[in-house]
Amino acid sequence: MESSPLIDIGLPISLFIIMVGIGMTLTVRDFRQLAIYPRGIIVGSIAQIVGMPLLAVLIIALMGPTPAIAVGLVIIAACPGGTTSNLFVMLSKGNVALSIVLTVIASLVTILSLPLFTNMALQHYMDESASIALPVGRTIAMLVVLVLIPVTLGMIFRSFKAEAAQKAEGVVSIFGGVVLAAIVVGLVVSQWDRLFSLLGSAGPSTAFLNLGGIAMGLAVSRFSGLSPRESLAVAVELGIKNGTIGLMVTLTLLKSSEMSIPSAIYGVLMFLFGFVLVIIGRRILPDTKPRPTPDTTNSEPGH
């Protein structure tokens with residue numbers, strides 16, 4: 001599955017559509033939270049952009065996966081969240097506005113941080129004689145085209161067609177899940193002969209990365225004094241990744257099915273752990289729906 005029309009053409013188009021969907025969840029008002037109450041954004045962004053790759057390095061040191069799997073772990077750890085994380089935050093009654101802003105910030109910073117962490121992982125974990133390297137210029141250009149531009153287009157579309165954009169959000173989230181599922185199935189078929197050995201190598205470390213990210217999000221958020229809803233949003237953002245970007249880097253730029261295994265496994269596990277967070281959030285957090293206010297337009301003054 002290293003090179004095929006599905007990967008070389010279908011995956012970039014699909015990712016573009018998914019990122020337009022993220023843009024359609026945003027308005028300019030969402031960014032005002034940066035100035036009004038930045039603590040959640042600062043804590044969540046640092047944990048997501050720096051903390052997750054460092055956690056991946058720690059897990060690799062403890063569990064010793066193969067070099068290709070180690071690189072794949074760093075790549076998925078360095079990927080941002082996506083529309084799926086926003087959906088899970090909403091279902092779990094977390095702070096959706098914080099989740100959206102964290103998704104966008106991580107998606108934009110990824111343009112620079114993902115090539116950096118990926119090349120560091122390639123240099124450290126792969127054989128020195130290996131010629132594999134992530135082309136930084138091409139990667140940045142790809143992420144600009146597939147992240148920055150579609151998110152901006154989505155925001156512009158929402159500013160003119162808010163109702164249509166709102167309806168499209170759910171469709172894009174479902175589309176993203178279908179694309180990820182299709183790629184996972186393709187990887188399973190292409191790697192069937194080595195599937196169980198790869199799962200044995202990548203499965204436990206990927207699961208620990210997913211669970212560790214969620215735990216780290218909850219811990220640093222509560223330590224920083226964030227509210228339960230904000231803490232849940234940060235935990236979900238760290239636990240639910242945009243696996244399509246990880247697959248895009250490993251399959252189209254690095255041409256490595258083995259490196260893509262952590263992104264594929266993570267894309268499956270995150271749904272399982274995400275639903276656990278939804279159940280926990282809905283049980284321990286109060287209802288966020290506003291109480292109906294009485295209609296006073298026909299009431300007498302003083303009533």
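Which residue follows α3, and is its phi positive or negative? Good morning. The residue after α3 is glycine 64, and its phi is positive, near 60 degrees. Please keep in mind throughout that the structure shown above is a predicted model.

Let us stay with α3 for a moment. This helix covers residues 39-63, which makes 25 residues. From its first C-alpha to its last, α3 reaches 33 Å, close to the 36 Å expected at 1.5 Å a residue. The helix also bends, by about 40 degrees, and the bend is at glycine 51. Within four residues of that glycine there follows a proline, proline 53.

I turn now to a pair of helices. In general, two packed helices are described by the angle between their axes and the distance between the axes. Here the pair is α6, residues 96-125, and α10, residues 228-239. Their axes come within 9 Å and cross at roughly 35 degrees. The crossing of α6 past α10 is right-handed. On the α6 side, the contact is made by Leu98, Ser99, Leu102 and Thr103. On the α10 side, Glu230, Ala233, Val234 and Glu237 take part. As a general point, an α-helix has 3.6 residues a turn, so residues three or four places apart point the same way.

Leaving aside residues up to four places away in sequence, serine 263 touches Ile76, Gly243, Gly246 and Leu247.

Serine 159, by contrast, is exposed, with a relative accessible area of 56%. Its place is in helix α7, which runs over residues 136-160. A polar atom of the serine 159 side chain lies 2.5 Å from the backbone oxygen of isoleucine 156. Serine 159 and methionine 24 are 135 residues apart in sequence, yet 8.7 Å apart in space, C-alpha to C-alpha.

Finally, helix α7 also holds glycine 137. Glycine 137 has a relative accessibility of 52%, and since exposed means over 50%, this glycine counts as exposed.

Thank you for your attention.

Note on methods. Residues numbered from 1 in each chain as written. Predicted model: local features only at pLDDT ≥ 70, side-chain atom pairs only at ≥ 80, totals over all residues. Heavy atoms only, no water. Helix = DSSP H or I, 4+ residues; strand = E, 2+ residues; numbered from the N terminus. Expected span 1.5 Å × (residues − 1). Bend = angle between axes of the 7 residues up to and from the residue. Buried < 20%, exposed > 50% of the residue type's maximum accessible area, 1.4 Å probe, protein only. Polar contact = N/O pair within 3.5 Å; in protein donor to acceptor, adjacent residues only side chain to side chain. Contact = heavy atoms within 4.5 Å. Axes fitted to C-alpha atoms, helices over the stretch in contact; angles between N-to-C directions. Left-handed = near helix turned anticlockwise from the far one by under 90°.
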